[in-house]
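Work through the exercises below with the structure open. Try each task before reading its solution.

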Number of protein chains: 4
Amino acid sequence: MKKIQLTLIQIDNYGPWTVTPVHRREADLQTLQAELFADLERLFSARGGLVFCTRFDNMIAISNGIDVDAHRAIQESIHNRYPITLSMSIGAAETPYEAQVLATQALQRVGSSRSVERRGALTGECVIPPDEDWVQIAHLDVDHTSSMTDSRPIYDTHMLLQKVHLLLMEALRDYEALVFYTGGDNFMVPSNGVGARELQAIIEDVQRKLKVELKAGVGSGATAELAARLANQGLKEIREGRTTERVVFKTG
Amino acid sequence: MKKIQLTLIQIDNYGPWTVTPVHRREADLQTLQAELFADLERLFSARGGLVFCTRFDNMIAISNGIDVDAHRAIQESIHNRYPITLSMSIGAAETPYEAQVLATQALQRVGSSRSVERRGALTGECVIPPDEDWVQIAHLDVDHTSSMTDSRPIYDTHMLLQKVHLLLMEALRDYEALVFYTGGDNFMVPSNGVGARELQAIIEDVQRKLKVELKAGVGSGATAELAARLANQGLKEIREGRTTERVVFKTG
Amino acid sequence: MKKIQLTLIQIDNYGPWTVTPVHRREADLQTLQAELFADLERLFSARGGLVFCTRFDNMIAISNGIDVDAHRAIQESIHNRYPITLSMSIGAAETPYEAQVLATQALQRVGSSRSVERRGALTGECVIPPDEDWVQIAHLDVDHTSSMTDSRPIYDTHMLLQKVHLLLMEALRDYEALVFYTGGDNFMVPSNGVGARELQAIIEDVQRKLKVELKAGVGSGATAELAARLANQGLKEIREGRTTERVVFKTG
Amino acid sequence: MKKIQLTLIQIDNYGPWTVTPVHRREADLQTLQAELFADLERLFSARGGLVFCTRFDNMIAISNGIDVDAHRAIQESIHNRYPITLSMSIGAAETPYEAQVLATQALQRVGSSRSVERRGALTGECVIPPDEDWVQIAHLDVDHTSSMTDSRPIYDTHMLLQKVHLLLMEALRDYEALVFYTGGDNFMVPSNGVGARELQAIIEDVQRKLKVELKAGVGSGATAELAARLANQGLKEIREGRTTERVVFKTG
């Protein structure tokens, strides 16, 4: 049975830390959060994974192919270089939504996000056997955002993209797919099990409601890295006019 | 006349760069974007400013007190260390929304975001005289998110926070205030001219619609750094139960 | 035949770049060099390797276990995020000195360090078969530097450590071992083939000439990571007084 | 009376931290040290200063124009983002050597580098009044290193540069100037009070002993940034053959 493996990464007891002894400088917190995300991205992607910044204090990684020892090595590297610790929880399931439910539940069982005792926990499902690894990622982007950027107030475009983000989240929730904003006009959608017809319908719905056109390259393979690369090849075909479809699937 | 000064920071011709010669590795782009934001945060905050990651390819900074030479030094430092260049445009106005409109228009006049000629432009309003610098920031956070984090699937909490984000953006748009998500359950709102009553009404509206409680510390002063610090003092008073208000103003 | 594999990492055409169009800001160059080293350290160490900062524009990595594809992935990640490119050359031999000779010669054959055509070259020996991987690292540190730091001018201690550095380089050159300063009072010495007696003699020679005492943990294994960890275990035994030896070997 | 102001930056109780509870991964320590240096370089240089990596656990910054509050802000930013704390001590004197003596003594008075009580101390001379700020920096580089790099084993060139480093340190010690290796074939020499004749003599001595030719641009001004920029202009004149001198002075 093919499964996607997700890792929930949670900074331990972060809220209280940010205000102890006084509220730490906002600019330092922003820098810390961005550096931590960039570091985790490097550490997971060196092993074929992909991390999404999500809430920054809680991040989600696609971690197929990354075993428990590698997770521990990643934690250790962060603990050696940051003033905070991270707990991680691994979940694997047929759909991304279910995988994050399992990862969340496992983490909740070992202690609260505000516990002072829970430091650097590593829990969750056993990682899956190699022949069950499967990741489908849809990479969606919005057409013509550069002309918006060149003609409208920048904040209006930013707000429009947040509307697209939320609409995609809501629509794809029904298919147990997750939506992550990756900057610019890009969304990455772990979407095992979602087909071309469903994606096409969601794209049309967004177009009807927000008057923006989306296209999607969808890649599948044993790791997040491979799936993301294939998704980009799909996008490229659409962009270069080599197909009339708005959704192109590629399998590794 | 008191004004907020905003700087629009735009990566030059970024979209085409990300796919030349082939689509660059997604993990590298995520790392690059996060590092670039973290670096700009350091460079602006060393001068009293504050940057929001916004779309990552387009960022907005509160830059009161930061003159044209300092902007040029920041650009130079980035150009010396990154494979991309940044254009910047400074806008100042009585409201944040109007300031970003001015900044956007000035940048649009010097060339497209996809121009290959526009590299490292610096444009916009003259920076404002020191006695006109004024920044009001509301720091909003959501109550009880840690118990959500400890009981619900992590993605559901993430989605709820995105709903709060969009609702705040829409509501504050009427008051010409901007809303930036700063991770966790936090929102920073440059909001010159918005009063306690308006913020209170917006908070109640969010509570009615999404069943989440918000509180707001609001700080004002000559720089973003000072305003953000005072906003946090306001939040602290509410958190510690030293007031029954949900919105507390502090002026530097 | 057991071999150490070294990778020479050279910034392409760096000298001219630093002064084009004018001499770039010194602080930016220092930041760039340190960030580049830190990134390479992360990228190699995620794969079991270890990088030394060496000259910063030329770095040396112990890369046993890291194949050609992984080298290419590391180059790509750097090229996507930095304004410069890197050429790399892999050399493997029974001694570290010979390995870096082979790596250097291979790189010299594909073009000059100041060539504008040579960009991102990857050359050198085929990487060695897994059963031939062997790394010996001696980790040397100086005793009582903290009391020097607490009693003498900081620059005098710095200068003394540079004298130790050069003396070790000269002495170990005869045994075809390399010496890298890793900060503080620490030296890492890739030293395949060097025995306890030789190290002991060198330590005594440094003590006679500079009046400082050194100790050495020496680790060996299939990767730099393992060898470095074992070397530290050796050091720990000496530090904790569990042996009267000044040189302790550990094999993985 | 014109003075150079130096800041000694010392990681608190670093040695014990690196081995608690076990010896931390060498690659993590190398990454941490390089990131910390890069961050301090950014923080000091945003304020006109310049940091040298020195021993990594002890760094020296030229800090003319940077007051006590700015030092405290730099410490705070590091403490908010790293697992270690830094103590700093400011010294000002007519010569760089004397300035670091004063800085060191002041730090030694407030506690040992291995004290568990001393965390984030800030001590030393009062910062000097603006009209007394004076920094002279000589930027030396070695001619023809690229042809060495292209013809000799890389480690031999590295070793030769370390010999140049030590010889310069020893020779300039007599003039109370400090020598810092800044990578490649470059040395930065805070050298208030050292004249062209002395530098010329030292360069000739190195040439006689090591058969390498050096040139020096020497800049002076109120800040390290200005002095370093002027030094580079001097170097440029020599490189471009606009003078027959090997040492060129520039004053801001």
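**Exercise 1: a helix pair in chain C**

In this predicted model, Leu36(C), Asp39(C), Leu40(C), Leu43(C) and Phe44(C) of helix 2 of chain C touch His71(C), Ile74(C), Ser77(C) and Ile78(C) of helix 3 of chain C. Sort these contact residues by class, then describe how helix 2 of chain C and helix 3 of chain C pack.

*Solution.*
- Step 1. Sort the residues of this contact: six are nonpolar, two polar and one charged.
- Step 2. Take the geometry. Helix 2 covers residues 26-45 of chain C and helix 3 covers residues 68-79. Their axes lie 11 Å apart, at an angle of about 150°.
- Step 3. Assign the hand: the crossing of helix 2 and helix 3 in chain C is right-handed.

**Exercise 2: the pair in chain D**

At what angle do the axes of helix 2 and helix 3 of chain D cross, and which residues make the contact?

*Solution.*
- Step 1. The axes of helix 2 and helix 3 of chain D come within 11 Å and cross at roughly 150°.
- Step 2. Helix 2 of chain D brings Leu36(D), Asp39(D), Leu40(D), Leu43(D) and Phe44(D) to the contact. Helix 3 of chain D brings His71(D), Ile74(D), Ser77(D) and Ile78(D).
- Step 3. That contact in chain D counts six nonpolar, two polar and one charged residue.
- Step 4. The crossing in chain D is right-handed.

**Exercise 3: relating two chains**

What rotation superposes chain A on chain C?

*Solution.*
- Step 1. The rotation is 180°, with 0.0 Å of shift along its axis and an RMSD of 0.0 Å.
- Step 2. This is the relation of a two-fold axis.
- Step 3. In chain A, Ala46(A) has the C-alpha nearest the axis, at 3.3 Å.
- Step 4. Compare the interfaces: 100% of the interface residues of chain A are also interface residues in chain C, so the copies meet through the same surface.

Key
Residues are numbered from 1 along each chain as its sequence is written. Chains are lettered from A and ligands numbered from 1 in the order in which they are written. This is a predicted model: local features need pLDDT of at least 70, side-chain atom pairs count only at pLDDT 80 or more; totals for chains, interfaces and linings use all residues. Side-chain values use heavy atoms; hydrogens and water are left out. Axes are lines fitted to C-alpha atoms, for helices over the stretch in contact, and angles run from 0 to 180 degrees between N-to-C directions. Helices (H or I, at least four residues) and strands (E, at least two) are DSSP runs, numbered from the N terminus. A crossing is left-handed if the near helix is turned anticlockwise from the far one by less than a right angle, and right-handed if clockwise. Contact means heavy atoms within 4.5 Å. Ala, Val, Leu, Ile, Met, Phe, Trp, Tyr, Cys and Pro count as nonpolar, Asp, Glu, Lys and Arg as charged, and the others, Gly among them, as polar. Copies are superposed by least squares on the C-alpha atoms of residues with pLDDT of at least 70 in both.
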